[in-house]
Every structure is written in C-alpha cells, then in structure tokens.
Amino acid sequence: MPDKYRNFQELQQDLQVEVEYRIREQLRLQATAILAIHGGGIEMGTSELASAIAGNEFSLYLFEGLAGNNQFLHITSTNFDEPLCLQFVGKHCTALSVHGFAGLQTDPLVYLGGNDLPLVQRLLEALQTNGYTARVNTGKFAATDPANICNRTSTGQGVQLELSAALRSRFFQDYSSYRGRQTSTPQFAHFVQVIRHSLLNI
C-alpha cells in the first residue's frame, strides 16, 4: 500500500504536531545516532527499542504516531525529510535506523541493510551468534540508496535494522498497545544488549 504522504511537508500541512504525531531528539557526544522514524503506533515497538539502544550514550531521534493505529503516518525512508532529522543525522558519522515489518507470526526475523557495511556485518554476526535469525537485505530493501535516512550522515553511511512483528511481539507484555509496550520482557533486554554491545565496541 503506497504512503499517504510523499514527504514531511505534505504530512505537516495536514496534521498537528503533539496531536497526531510528535518529534523527540536527544543529541549526545557519540558518533552514532539511533533513529525510529516510524515510532509510536506506526511500526509498533520501534520507539521503545531505539530509546533503549540509545541509552545514555547515543543520540536519539524519534518520529512517533500518537493516536492508535496510525500507519498512515508512514513516510518511506528515502523520502523522510523532516528538517530536524536531516540536521540531526548529518551531525553523526553513522546511524542505526530501527524499523518494523509485518512478517509472519511464526517468523521472528531481523533484516539488515545500509551503506555502513562493516557495521552491518558486525551486527549480523552478533545477532546470529546470539540466536537470532538475521539476514542482509538485498534488492530494493537493501537500504543502500544515499537518500535513505540511515545514510544521510556526514559519511553517507548507516544501517537499517528491520524486525518482524513476530519478533517485536516477543519483546513486550502486549506489543499491540502503548500501555502494554511499557512492560518489556527479558528477550527485549537481551536484544538491546546485543545491539548496544556491538555499537559500543566499534
């Protein structure tokens, strides 16, 4: 299904900030930025994952849908041009952009893409070593387009991390509701630890 909005300007003209969506950012000193441009109710669980991965070390940017099921707020990664985000990402050497995809309920997968190939490989090996089914995306899902928000860094490099709904649903008491996602599971903590360890030891 195509996006309702082709870019942020179209969305901004149609919707109200702090009513249908909100933007949060925290700039820190590390060279890596953590993003969730489809946070809140757009791709559920990505805000919580990005925030936990960022911790107190990494810069964090969130674009979040606020009202229930709001997948209509989805702007594809190559068209996501929210001005604060572009400025924010450009201050970092690399970025990790956290996404979700529908997937099958029996298919807990992680896909990786982006132009920061050493980090893609590092994350891939860490995930596989720790028991996750992780693969590198190819074709149109490879996230290698320079316009992809994960690659809009000062080096033109970043990583897109995509988690299936089946995997994200294992991370929360109730993945489908905002309140339920406030209670995470031990699997959530383990996944976050694997990612953070890889980023902190670049």
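Visitor: What pattern does the protein follow when read along the sequence?

Guide: In this predicted model, the order of elements is α-β-β-α-β-α-β-β-α-β-β-α-α. That pattern is made up of six helices and seven strands.

Visitor: How do you know that the protein agrees with a compact globule?

Guide: The rule is 2.2 Å times the number of residues to the power 0.38. For 202 residues a compact globule would have a radius of gyration near 17 Å, and the protein has 15 Å, so the value agrees. Along the principal axes, the C-alpha atoms fill a box of roughly 45 × 40 × 35 Å.

Visitor: What makes a residue count as buried, and what share of the 202 residues is buried?

Guide: Buried means under 20% relative accessible area. By that cut-off, 49% of the 202 residues are buried. The protein exposes about 9700 Å², with carbon and sulfur atoms supplying 50% of that area.

Visitor: Why is a set of residues called a nonpolar core?

Guide: Its members are buried residues of the nonpolar kinds listed for a core, such as Leu, Ile and Phe, joined through side-chain atoms within 4.5 Å. The largest such core has 35 residues, and Ile-34, Leu-112, Leu-127 and Phe-191 have the most contacts inside it. A second, separate core has 19 residues, including Leu-15 and Phe-63.

Visitor: Which residues is Leu-112 in contact with, leaving aside its neighbours within four places in sequence?

Guide: Contact means heavy atoms within 4.5 Å. Among the residues in contact with Leu-112 are Val-120, Leu-127, Arg-135, Val-159 and Leu-161. Across the protein, residues 24 or more positions apart account for 78% of the contacts with a separation of 6 or more.

How values were computed. Residues numbered from 1 in each chain as written. Predicted model: local features only at pLDDT ≥ 70, side-chain atom pairs only at ≥ 80, totals over all residues. Heavy atoms only, no water. Buried < 20%, exposed > 50% of the residue type's maximum accessible area, 1.4 Å probe, protein only. Helix = DSSP H or I, 4+ residues; strand = E, 2+ residues; numbered from the N terminus. Areas by Shrake-Rupley, 256 points an atom, 1.4 Å probe, with all protein chains shown as cover.
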